[in-house]
Amino acid sequence: MKVKVLCRNPDDYVRETTRDIQRVPRNYDPTLHPFEVPREYTRAMNATKLERVFAKPFVAALDGHRDAVNCMAKHPTSLSTLLSGSCDGEVKVWNLPTKKCVRTLQAHEGFVRGMCARFCGTSFFTVGDDKTIKQWKMEAPGYGEEEEPLNMILGKTVYTGIDHHQKEGVFATCGQQVDIWDEQRSSPIRSFTWGASRFLTELLASCASDRSIILYDMREATPLQKVIMNMRSNTLCWNPMEAYIFTCANEDYHLYTYDMRQLSMPIVMHSDHVSAVLDVDYSPTGKEFVSASFDKTIRIFPEKKSHSRSVYHTKRMQHVICVKWSLDNKYIMTGSDEMNIRLWKANASEKLGLLTTREKQAQNYSQKLKQKFQHHPQIRRITRHRHLPREIYSQRKELHVMKEARRRK
Amino acid sequence: MAKRKAKASRVRSESSSKAAKNSTQVMTYDDGEDELLEGDDDDAVISASEEDEGGSDDERKHRKLLEAISALGGKKRRKLAERSEASVQVSEFAVSAEGAGEKISLSDLLGAMDQTPSAVKSTKKQLQNLESCKDTLELPLSRQETEKIQRKVAFEKTSKDVSQWESIVKQNQRAEQLVFPLNQEPSGPKPVEHVVVGWKPRTPLEMEVFSLLHKNMQPINDPLLTPMEEASLKAMSLEEAKIRRAELQKIRALQSYYEAKAKRERKIKSKKYHKVLKKGKRKELLKEFEEMRNKDPAAALEELKKMELARMEERMSLKHQNSGKWAKSKAIMAKYDDEARKAMQQQLEMNKELTQKLALPPESEEEQEPEETEVVPDFANDAQAAADPANPWMMGKLSAEPAEKDCGGDDKESAVENTQNEEEREPEGDEEEENEEDVLLREFDEKRKSRRPDDDALAPPFQVDKEETEGEKKEEPVCVSSEDEHEGEVVSEFKSLFQKLLANGHESTVNKGTGQDAKESDAEEPALLDEGLSRVRSLEDVDELLGQGLVREHAEDVAEVKEKIPTTAEETKNERTDKRKKKKILDLNDVLTRDAKVISVPLAPTAIGEEEGEGDQRMLVQEAFAGDDVVADFLKDKKKRVEAGKPKVVDLTLPGWGEWGGVGLKPSRYKRRRFRIKVAPPPPRKDRNLPNVIISDARESSVAMHQVSQLPFSFEKPEQFECSIRTPTGHTWNTQRTVQKLTAPKVVTQLGSIIEPITRDSLDKSKAQTRGKKAPDIVLASAGAEGQGPRKGRRKAGENNARNLRNPRRRAIKRTK
């Protein structure tokens, strides 16, 4: 009797541990895998659909403020900490992973107009309607100690904003004039007066209430340049990766990105909002920025695109006053009128947490496919589809009509 | 009043502007001014104001003229003082300053100087020079203007400053992949040199250690060899090293061999064997001693002394005096037990032997040697052992050894040779004893060897054994046991283990074979049997049918084995080989026959099933697709399409026009011919020669929905776009590496790491990189400079690679270079 046995080397198909994936022998002969494009197209379609299915950007809401959240500040060294100041002068320190308020302090009487953390993350500054600049410790006071500012400067006028130098103990405030302060002194080192105002390193820019944006150099005695726009700019943000680019949020529903060397013309006008844009913040990679608007939405714009790539809104979110992009490029924080701070994913459909290598690869592949087939009408339709509340939708349409009409004239 | 004031100021400005004009004509700008007034606008502004001023000048002249005319009239009116400048020219009490409009020349002032003799000549000269110079100083610009200029300068400076970033920004924009945070240190342990370079000893202990290291010229950066070691390495030639290595290898092999041997011997439990072994060794020692006496009397004397010492010790001790616990217990038993008596006797004999005086050395070499041999000998320096003729290792045949070990026949032969040698040397010795001993030793040896194959797990015998055991176990456990009794040593450990494992099975089979306890076992395990009832029945049948015959066979075989009990060495050997062969053959047969039987019973129906199955399959397919005539359908479909594609005759005939119409009346033939329009036949179908293909050129809306209608932006030609779509990126078509490369995301961020904004450091770094192409590499502060050359190079390459990964543009540049 003759017995023939197929014999294979187990090393070829047996995995070493149960954690390994099964080894699959592959033959890359193109004749064995026909219809590459249609197959990849289907995959791209599925990936796009899944992206929309999993697009759930809202992560959490932090409530606890008793008035509208007027300003926020990121902690420069800790991703889990967020500072927020409200219209009743209260400042709260939040722990983001636990979604709890760690510390509350009554910083000012009246609005907290602006706040910023020192570059080392040990203290932060607030300015308020009570014409004071206060410096606070980041840690909560020990048991029995009173909540007191480290330092307090009484000013003559109301300060409306504050920002700190990246590396030195110097900060700038704006109000009636722009002042540069040394942390050690109680009077400004330098003050610029050129119009009234609201703001990097040595370079400063301020948005003035007389519809202008003014640039300053900290080292120079005079302001540098001024642009006068049609309407007032509310906030301005420098691109963290491109030193001469900044974007300002304007009252005329648009955002403008400027190259500071050529202020005569903005590089891009970003328009999608249907009401005044109140705040803007760049992602730490400098590739995108987020804008908060009076129309109760926030929008994420690619750096040099005139239209937004996504829009976030919820039923309960009112006028968004301030917005921040977290330093790890993953989250967006918004502070709005109805006293809540909301945490959003920067990438709506992104899976949070650690990914396995295979997950990462799959993600990359689907991303690539989406990008490859982005011009195909069906895929484009799916990727671009967003839900908007009725008011905003109708307003958008209206604006569009108006724009068309203006164009025709 | 205000108006007047304005006028006055105008006057002044006019004069100043005039002066400015003059200055522009006469004076050349110095450099600083030039920069300030570069802009054309400023000039324009100034000129404009000049014109303006000029106009007012005329007016004023005109008015003065008028005044002069009126003054001519004779009436000397009191002239109101004109206030053109505050406080200087006009007093508050309407006193006009004289010569208000006129210039004061320097010479007027100098007139007084001339009169004073004390005035210094040099100052005079200076003043005169000044006088001769007719230029006037420029008026400082207004605050707004200066500020504007300052701003402009500052802005230019800053924008130039900011433009430094441009290169790095562009670089980042063009990068294929950006990993944030940028410029992070590569993770993982750094190479030793990196760490060492920046490190300096600080504490006294570190200092001490370092000084020691330096003293010994211990390399710090390259921890491989000291110069001394290197020198010694160099001193040793390759051949020497090889020889040395071979020696070491040999010694090691020998040691392991002897260790193994000693272990094996120690394991043997047979008393008889050990006794014989000891005796043999003693004899050998004796022989050696004799030899030694002839060759090396001094050594022999030493040996003798040793023996003497042993004797003394024996005499001192009570070891073999029948006074120990064991001896006493034996003494009690001695009355009834023969063996106990013998043992006691033996002990006494031993004592006698040991205490015997060594007058005659050949008779008095004692133990202590056996003990020595038990210990693993150290061959590196043991000359005695090296001289051992029985040891094949000492013949200098390293490679021949394993073969010898393996094949039993050779060994036996050598053993025989040994014995022959011995016999030759000592013909007067008691042959019978010797023979006996040898035979015994050989037996043990053989047994060991027979065990060997199992221990070494050599494939063929192992399998055979296994099958054999299986067969035995399944078929005839009783028989196995009988065999075991007879040749227990032959059965390997594995066998026994296997036996144990399969014990239950055998029992059951035994039971079945005997047929007595079957019901009991049934009662014990009902669940198991429930399932297997039918099978058991069939197996039982098989067993009953086949097992009996096998049992008989085995029994016969065993009987044969029983008959042939080995007496002499040769006999045993022959018998063994025979038996083995027999066993093998028999087992193979067993296995095969059994297999055939076991398998054939269940297989028979399945084989039929298979044959049926094929037919079934076909039938099933036929049945399932009974109504479907796919080919015909396809042909019909095609025909229909072809028909549809054919142009139709358009009939435009209208009855009743130009002739009578009504029921039953047809339009005339002429009319039909006239108004029936035939369309030219379309080009032949593409699929007309392909019977099983339908080709349709019609645009299909379901597909069109998914197609790109117009060329997307950033593509210049449709081909480009098609190309970008055509190349697949998935792992179905590409290798893992390629997929990774193709799908690498443009921006990578790390989970939970803070991305710092771009800083001046990175700018400086990038500048240094661009500049540092020609600059020398950083030189390591090195102690051992020799060993570093290649290493540095490697590191550099690695760095470059890392940089290139991050910066594809630079890579490209390099390539072009």
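Which residues point one way from β15(A), and which point the other way? The legends below take up this strand and other parts of a predicted model.

**View 1. Strand β15 of chain A lies among buried residues.**
S212(A), I214(A) and Y216(A) point one way from β15(A). I213(A), L215(A) and D217(A) point the other way. All of these residues are buried. In a regular strand, side chains alternate between the two faces of the sheet. The strand spans residues 212–217 of chain A, and six of its six residues are buried, so it is largely enclosed by the rest of the structure. Buried here means under 20% relative accessible area.

**View 2. β15(A) pairs with β16(A).**
Strand β16 covers residues 223–228 of chain A. Five bridges join β15(A) to β16(A), and the two strands run antiparallel. Strands of a sheet pair through backbone hydrogen bonds, either parallel or antiparallel.

**View 3. Strands β2, β3, β4 and β5 of chain A form an open sheet.**
The four strands follow the order β2-β3-β4-β5, with antiparallel pairing. At the edges are β2 (69–74) and β5 (100–106) of chain A, and each pairs on one side only. Neighbouring strands of this sheet are turned by 20° against each other on average, direction ignored. Look next at β2(A) and β3(A), where β3 spans residues 81–86. Five bridges connect this antiparallel pair. V69(A) faces S86(A), its opposite residue in β3(A).

**View 4. Another open sheet of chain A has the order β1-β27-β26-β25.**
This sheet has four strands, and their pairing is antiparallel. β1 (58–63) and β25 (320–325) of chain A stand at the edges, each with a single partner strand, so one side of each is left without a neighbour in the sheet. The twist averages 20° from one strand to the next. β25(A) pairs with β26(A), which spans residues 331–336. The pairing is antiparallel and runs over five bridges. Within it, V323(A) stands opposite T334(A) of β26(A).

**View 5. Chain B meets chain A.**
How many residues does each chain bring to the contact? Chain B gives 55 residues, and chain A gives 55 residues. The chains bury about 4,900 Å² between them. Of that area, 62% is on carbon and sulfur atoms. Three residues to look for are R151(B), F155(B) and W733(B). They supply 15% of the area that chain B buries against chain A, more than any other three residues.

**View 6. One salt bridge links chain B and chain A.**
Which side chains meet in it? They belong to E166(B) and R261(A). The N to O distance is 3.0 Å.

**View 7. The two chains are built from helices and strands.**
Start with chain A: it has four helices and 27 strands. Buried residues make up 51% of its 409 residues. Chain A exposes about 20,800 Å², with 51% of that supplied by carbon and sulfur atoms. Now turn to chain B, with 35 helices and four strands. Of the 817 residues in chain B, 21% are buried. Its accessible surface comes to about 61,400 Å², and 55% of this belongs to carbon and sulfur atoms. Take the contacts in chain B between residues at least 6 apart in sequence: 66% join residues at least 24 apart.

Methods:
Residues numbered from 1 in each chain as written. Chains lettered and ligands numbered in written order. Predicted model: local features only at pLDDT ≥ 70, side-chain atom pairs only at ≥ 80, totals over all residues. Heavy atoms only, no water. Buried < 20%, exposed > 50% of the residue type's maximum accessible area, 1.4 Å probe, protein only. Contact = heavy atoms within 4.5 Å. Areas by Shrake-Rupley, 256 points an atom, 1.4 Å probe, with all protein chains shown as cover. Pairing = 2+ DSSP bridges. Axes fitted to C-alpha atoms, helices over the stretch in contact; angles between N-to-C directions. Buried area = accessible area lost by both parts, 1.4 Å probe. Salt bridge = Lys/Arg side-chain N within 4 Å of Asp/Glu carboxyl O.
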